[in-house]
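Let's take a walk through this one, chain by chain. Have the viewer open and follow along.

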Amino acid sequence: MRKRHFPVIVLGAIGIALAAYAYISSDTGVAGTTGALLALIGAVAVTAGSFLAAFARLDGFLFGTLAFLIALGAVLTALAGYFLMQYVLAIVMALAFAGLLVAVFLPAPQRRQI
Amino acid sequence: MTHALCPLIAALCLAAPAAADQLRWDTFNGDLANTKFADVESFTPANVTELERAWEVHTGDVSDGSGDLPPTVWSATPIYANETLYLGTPFYRILALDPATGAERWSYDSQSTLEALTQPALKNRGVAYWESGQTGPCEKRVYLGTMDAELHAVDADTGERCAEFAQGGVLNVNQWNTVNDKFPFSLLQPPTVVGDTLMLGWAGNDWAYSVAPPGNLMAIDARTGALKWDLAFIPDALIPVTGTANIWTSMSADPELGLVYVPVSSPSPNYWGGNRTDPIPLATSVTAVDVETGEVRWSQQIVRHDIWDYDTPSAATLVDIERDGQTIPALVQTTKMGFIFVLNRETGEPIFPIEDRPVPASDAEGEVASPTQPFVLTPPPTNDPFEMPDVWGFADAVSFGQCSRERDQYRYEGIYTPPSVQGTFLFPGTAGANNWGGASVDPRTGILYVNSMRVVQIIRLIPREEYEQINGGSGNEAGFYPQEGAPYGIELREWRTDLGLPCWEPPYGTFSAFDLATGERLYEVPFGLSQQWGFYGLTDWGSPTLGGPVVTAGGVVFIGASMDARVRALDAATGTELWSDLVDAPSVAIPAVFTHEGVDYVVFVAGGNSILKPQVSDQVVAYRLGQP
């Protein structure tokens, strides 16, 4: 279990809620549009990918590929949020991307030798 | 740019404060002169960000076309008169609302058929208002036209039909549709009320037929519904072979001169004129007509032998221009081409020169395109119609060169390149640079304000035999048109990639201001946001627009019009956006600005139009400044 991915899962879940709201609610200006649907799918993919990254036993190559896809999904969903003028969604997905970078690249804390 | 803005800013600053109340907004364009000027000073660039929704109403008269009903498109200007706000709806009802609260005072249902008889959608541009000056029932009236050619007159206080008008309050206008029976006279645009006369045009489907009902202007007695006179725009000899050249949009009038100014559309069919090669001087013109007699006083044809559907699309704007110490009674006609004709409204003489320039010849069977067309260089046209926009690199790249290939494939030799079998670029597109929204003008300064589209289309003439196999017939502003009786049907579409991206460089729409005294353009800035699949374009790209602006005495322009379904306030001095609000669909109507019980309101109708995008609504929203 990779606990460092939990923040990305949470941010992805928030992204799902925001994208779903954008897609459904008539006061967003993008309700029912393909763009909002793509953003929703993107947020779901990021969340699901992060869940997998956190809980599945993956070897280095598979994990690297998955991390890359999650990052790509987060960036594209953030961009979609920006061009849908759903700025909170864009920020949340940008944070998810940043969280992923931290989870993947920050060195693991050293265990104290006893 | 800064230098150009100086006179505008000075003029706005020096303008003397007026009695700042707008107690009527009682025509489609606010007033008969089509100034769309609201004499209210409370809205200023400094405080307009404090606008708040005063009320919001959903009429219930909306269809997206997914059910049994055709889709609706709605561009009704709210009419403020008789201390009441009147609206026509695309289900052909009249609503009378309390201007302060939006509460319904009464409603009237014409019981009109909800079939798209002549249009691809149920369509309405509002109602007309008349009052006699006397008191009593039906001395104040509201008129509503229907798709099936009925004109209803109801009492403005109660919504009851006015029995003395025609047959129990309903005039069957189609009784005068006697030449042929291709389609009914659809009354989508409310009549223009000049004194006690209703000036009435009609709409049809001129894309469908070569021979169609010939266009005319009907003068109707506002009290009785009797026909006073009828002016035809097609010469008698050509009536058997063509038609339309009708008036489908609003008109303006100068009661002092006794003239109504009528924007006449193109003859049928829209995109091939081999059946009508003889001159039709009143077609695609702005024509001054005597209100009393129906006599033509003067006419200026703005397109000769129109084969681009460049109808004169809006009412002319009437304003007095100060030049060299003289006051000139002027008329300003915006056009689908982007040219701005400025004429003396008494005589029709141009105030700024009109040049005849050679234009490309047609290679279509039987077609004889006009060898020249009138060009207006002052004021400069909106969105530079002389050269179509370049290929947009981004769209070209993501379409693997589709845009570049098509640029080389289709014919384009400048504006007025005739439609061809090869396919021709149409720029500006058939919905125009400018359309029914026309322009607004501040009569104190002589500054004209115009929103304008920048859209490239491709039109292709399809030989009849081939067309029959395609079996098209969308009947919309884009798609397949049969042009029955012509050797060609046509296909008309926007120049887009297979993925739907525009192939031409932005901007897609702009907002401009012109000093009418000098003819100088003061600014032209991208306006609105375009939208595709929900994604918004960049600010610099602007948006195609339908609907018109209103300028106020406080130096603020109110406008919807853009495809991003926002209503906006602009700084009249610079065109800078000051405020916006998201509404339920593009507000393709002209807003109403008025003073009711001492409070200034701006009211937008958000109805949508499929020319911009398939998003419709039945929303009416009123704004006022926040309470201190």
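A quick definition before anything else: a residue counts as buried when 20 or more other C-beta atoms lie within 10 Å of its own, and as exposed when there are 12 or fewer. Keep in mind that this is a predicted model.

With 25 other C-beta atoms within 10 Å, Ala565(B) is buried. You'll find Ala565(B) in the loop between β37 (556-559) and β38 (566-571) of chain B.

Asp324(B) sits in the loop that links β21 (317-323) to β22 (326-334) of chain B.

If you zoom in on β22(B) and β23(B), you can count 5 bridges in their antiparallel pairing. Leu331(B), for instance, has Leu343(B) in β23(B) as its bridge partner.

| Cis peptide bond | Omega |
|---|---|
| Ser268(B) to Pro269(B) | near -10 degrees |
| Phe427(B) to Pro428(B) | about -5 degrees |

Where do these prolines fall? Pro269(B) lies in the loop between β18 (259-264) and β19 (285-290) of chain B. Pro428(B) belongs to the loop between β26 (424-426) and β27 (439-442) of chain B.

Now over to chain A, which has 4 helices and 0 strands. Read from the N terminus, its elements run α-α-α-α. The C-alpha trace of chain A spans about 60 × 25 × 15 Å along its principal axes. Of the 114 residues in chain A, 39% are buried. Take the contacts in chain A between residues at least 6 apart in sequence: 67% of them join residues at least 24 apart.

The axes of α1 (residues 6-24) and α4 (residues 87-105) of chain A come within 9 Å and cross at roughly 160 degrees. That angle is why α1(A) counts as roughly antiparallel to α4(A). The crossing of α1(A) and α4(A) is left-handed. Which residues of α1(A) and α4(A) meet? The α1(A) side includes Leu11(A), Ile14(A), Gly15(A) and Leu18(A), while the α4(A) side includes Val92(A), Leu95(A), Ala96(A) and Gly99(A). By class, this contact has 15 nonpolar, 3 polar and no charged residues.

Finally, the two chains touch. The contact takes 11 residues from chain A and 8 residues from chain B. On the chain B side, 5 of the residues are nonpolar, 1 is polar and 2 are charged.

Methods
Residues numbered from 1 in each chain as written. Chains lettered and ligands numbered in written order. Predicted model: local features only at pLDDT ≥ 70, side-chain atom pairs only at ≥ 80, totals over all residues. Helix = DSSP H or I, 4+ residues; strand = E, 2+ residues; numbered from the N terminus. Contact = placed C-beta atoms within 7 Å. Nonpolar A, V, L, I, M, F, W, Y, C, P; charged D, E, K, R; others polar. Pairing = 2+ DSSP bridges. Axes fitted to C-alpha atoms, helices over the stretch in contact; angles between N-to-C directions. Parallel < 35°, antiparallel > 145°, perpendicular 65-115°, else oblique. Left-handed = near helix turned anticlockwise from the far one by under 90°.
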